[in-house]
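Please read the following account with the sequence and the three-dimensional model side by side.

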Amino acid sequence: MSDMPAEHFRRSGHEVIDWITDYLTDIRELPVLPRVNPGDVRSALPSSAPEKGEPLDAILRDFREIIVPANTHWNHPRFHAYFSVSASGPGILAESLTAALNVNHMVWKSSPAGSELELVTMDWLRQWLQLPDTYFGAIFDTASISTMHALIAARDFVDPESRARGSLGNLVVYTSQHAHSSVEKGAMAIGIGQDNVRKIAVDDAFRMRPQALREEMVADLAVGKKPCCVVPTVGTTSTTSIDPVAEVVKIANEYGAWIHIDGAYGACAAILPELRSMLDGVEHAHSLVVNPHKWFFTPIDCSVLYTNRPDILRRALSLVPEYLRTGQDDSVVNLMDYGVPLGRRFRSLKLWFVMRYFGLEGFQGILRDHIAWAKELGQQIAAHSKMELAAPHPLSLVCFRMEGPDERSRELMDRVNAGGVAFLSHTVLNGRFAIRLAIGNVRTTREDIQRVWECIQAEACEL
Ligand SMILES: *Cc1c(COP(=O)(O)O)cnc(C)c1O
């Protein structure tokens, strides 16, 4: 047996594109959350793989009849849970081309195009975010992995022997109580340890308190600990609160720590001149993560790690066996030198398609709409007699609750989600339940948000 015959591939390919087009055109008719029970998908599928190959038509039929109805539709314009991420048309097409090329650009020679397009798109995005030209970017799968790499660089920065000898138990990482769990996970994964992660207190708007950071650092130094990395967040996951980066950077630099800014979602909005000040201080930080797959309409996965000390990241991780040496090693960037994974997917292709298709103005227009709709919704919630805002909403996420016991808000969220019109998620703020409504899908319209708000009000009335 060999691969699909060309004519069969062409016919099925057209069919798949037609399916995608219809899916995205009619997606509003689907419930955002599927109505399935645990185990439904597994029990609908055979318990072992076929002995003999099957026709593609049969596979596609099961995709449509078993997989899609049990899918949570992340690309649905009324998916407002977690962060509302979306894959745009140009991004979807580029993903297919990536699979067709099947490039693994661990070294320049293994794909000059893959290696150089990554450098080009990283430089383009760097300019959109107005980062200094000392910032070098590399693409990873997720912010969790980008942040783990920042922590590895931080460890090498404060303890250059750690690469050879392993780390001592005295390194400390500082982040806020509202930081993403990936900071702590990264510290666990690289041997810094959970007990050496300090979660700095926050103010009423859920922002890291710089004075509390300083106190913790002083206390650690007094007992022989070494500040390794400080991680402020621009756009926290619970509420999109924005830590005071410039002040945090100043303090962290006094104590010689590496500063990594977690802007997985929020830093995308730094392409708006009116919001760029949230990254003030980045010029004196060491690294920043931003996820194009979060708010730049690029299909999952695409996370960017910028660092102005690529020399340190490389010093921490470059290890070149003989079989990966090439004649160009002295004159090119081999991206494998900047990370744990050897293999690298051609992720810059989709980012390049998306950046070119929308352009900076296109991106700015969509992000401004999302932020404006969040503001409008925030006003409507604040004016509602039974509801209240649970946090400020500086970007495109609104946190709110019903007045009265938390159970009511949970019930409201469950009812909206069960109805299929939208998918909302929750967090807990100062011990109280809050519903999160995130706006970020490229296909969401103001009418979608109004429809969700009507649905929320109707369910609230019933309660
Ligand atoms: C989503 C998010 C992450 C984790 O992103 P992954 O790419 O899923 O690992 C990290 N930090 C913040 C602030 C986030 O919002």
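Once its neighbours within four places in sequence are set aside, Val442 is in contact with Ser86, Ser88, Phe297, Phe358 and Ile366. In this predicted model, Val442 sits in the loop that runs between strand E11 (432-438) and helix H15 (446-462).

The domain assignment of the protein gives domain 1 as 104-345 and domain 2 as 354-462, and the contact between them takes 26 residues from domain 1 and 28 residues from domain 2. The centres of domain 1 and domain 2, taken over C-alpha atoms, are 29 Å apart. Between domain 1 and domain 2 an area of about 2300 Å² is buried, and carbon and sulfur atoms give 75% of that area. On the side of domain 1, the residues that lose the most area to domain 2 are Trp128, Trp295 and Phe297, which together account for 31% of what that side buries.

Two features of the backbone deserve a separate look. Most residues other than glycine have a negative phi, and most peptide bonds are trans. Against that background, the peptide bond that joins Ile300 and Asp301 is cis, with an omega of about 10°. Asp301 belongs to the loop between helix H11 (292-295) and strand E7 (303-307). Thr240, for its part, has a positive phi of about 65° although it is not a glycine, and its place is in the loop between strand E4 (226-231) and helix H10 (245-254).

The helices come next. Two packed helices are described by the angle between their axes and the distance between the axes. How do helix H4 (residues 89-101) and helix H13 (residues 348-383) cross, and at roughly what angle? Their axes come within 8 Å and cross at roughly 150°; since angles over 145 degrees count as roughly antiparallel, H4 and H13 are therefore roughly antiparallel to each other. H4 passes H13 in a right-handed crossing.

Helix H6 (residues 143-158) packs in another way against helix H12 (residues 310-317), with axes that come within 8 Å and cross at roughly 90°. That angle makes H6 roughly perpendicular to H12. His149, Ile152, Ala153, Asp156 and Phe157 of H6 make this contact with Ile312, Leu313, Arg315, Ala316 and Leu317 of H12. By class, the contact of H6 with H12 has seven nonpolar, one polar and two charged residues.

H6 also packs with helix H8 (residues 181-189), at an angle of about 55° and with their axes 9 Å apart. H6 and H8 are therefore oblique to each other, and their crossing is right-handed. Here Ser144, Thr147, Met148 and Leu151 in H6 meet Ser182, Val183, Gly186, Ala187 and Ala189 in H8. By class, the contact of H6 with H8 has five nonpolar, four polar and no charged residues.

Methods:
Residues numbered from 1 in each chain as written. Predicted model: local features only at pLDDT ≥ 70, side-chain atom pairs only at ≥ 80, totals over all residues. Heavy atoms only, no water. Axes fitted to C-alpha atoms, helices over the stretch in contact; angles between N-to-C directions. Helix = DSSP H or I, 4+ residues; strand = E, 2+ residues; numbered from the N terminus. Parallel < 35°, antiparallel > 145°, perpendicular 65-115°, else oblique. Left-handed = near helix turned anticlockwise from the far one by under 90°. Domains from an automatic or database assignment. Contact = heavy atoms within 4.5 Å. Buried area = accessible area lost by both parts, 1.4 Å probe. Nonpolar A, V, L, I, M, F, W, Y, C, P; charged D, E, K, R; others polar.
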